[in-house]
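Here is my note on the model, point by point. Please read it with the structure open.

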Amino acid sequence: MPTEPTAPLAHLAPTAHVPSAPSAPSAPSAPSAQRIEHAERVVELRDGWESLVRDWARRRGEPVAREDGALYLETTAGGPTGPRLTVDVSRAAGSLVVAVTDGTLVSPDRLAPTAAAATAWNSREVTPTAILGDERSETPLLSAVLALPLAAHLSADGFAATLDTLLDAALRLLRECHDLGFVLRSTDDLTTRE
């Protein structure tokens, strides 16, 4: 099927500045020098994730614990009077996996509606992903999960901003899925259709 030619994407091409005559190098201006001096170091998550997590926890005033290769901490979300959430950070399958939970286990009578709420969240929001499960318990735990590629490069400020944004979204996810799990109990579902 023939297509019409499109206009070139010149506005996306990089532009270069070519001076009209060679000039002597000049010293950077004071604001420029300050930006260079205060430029943050960017690290690859593959090797630098632990120091980034520890720095983020330090900024939040929270201690970090280590268990089975993962780092975890408890922190407040949604302001100083907000709920305490557990943040678990570990490597898995080429990703840095950040799981956030409020620690509430989902009882059998709330499992189906909570799973439905989690599925609705995942289809609407995509990130973080709502996950039901916990390898340490037969009763599922609702978590908000974000996976970052280990090849990604972030500064400490960029990593902190990513996790702060994740905490806000995780709080919304947990509240929404738990609320619907309480409102839509499986005993309220239609048992059979005639």
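1. Terms and basis. Buried means under 20% relative accessible area, exposed over 50%, and partly exposed in between (1.4 Å probe, protein chains only). The model is predicted: local features need pLDDT of at least 70, side-chain atom pairs count only at pLDDT 80 or more, and totals for chains, interfaces and linings use all residues. Residues are numbered from 1 along each chain as its sequence is written, and side-chain values use heavy atoms, with hydrogens and water left out.

2. Confidence. pLDDT is the predictor's confidence in each residue, from 0 to 100. The protein chain averages 79, and 72% of the residues score at least 70. Over residues 1–23 the pLDDT is below 50, and this stretch has zero contacts (heavy atoms within 4.5 Å) beyond near neighbours in sequence. Residues 183–194 are also below 50, with seven such contacts.

3. Salt bridges. The structure holds ten, each a side-chain nitrogen of Lys or Arg within 4 Å of a carboxyl oxygen of Asp or Glu. Asp55 pairs with Arg58, the closest N and O atoms being 2.3 Å apart. The two are three residues apart in helix H2, so about one helical turn separates them. Helices (H or I, at least four residues) and strands (E, at least two) are DSSP runs, numbered from the N terminus. Asp55 counts as buried because its relative accessibility is 17%; Arg58 is exposed at 56%.

4. A link between helices. Asp157 and Arg59 meet in a salt bridge at 2.7 Å, N to O. Asp157 lies in helix H4 and Arg59 in helix H2, so the pair ties together parts 98 residues apart in sequence. Both are partly exposed, Asp157 at 42% and Arg59 at 39%. Salt bridges that share partners join Asp55, Arg58, Arg59 and Asp157 into one network.

5. Core. The largest nonpolar core has 37 residues. Such a core is a set of buried Ala, Val, Leu, Ile, Met, Phe, Trp, Tyr and Cys residues joined through side-chain atoms within 4.5 Å. Trp56, Val87 and Leu173 are among those with the most contacts inside it. H4 gives the most to this core, with eleven residues.

6. Thr75. This residue sits in strand E3 (residues 70–76). At 1% relative accessibility, Thr75 is buried. Which side chain makes a polar contact with the side chain of Thr75? That of Arg60, at 2.8 Å. A polar contact is a pair of N or O atoms within 3.5 Å; within protein, one must be able to donate a hydrogen and the other to accept it, and residues adjacent in sequence count only if both atoms are side-chain atoms.
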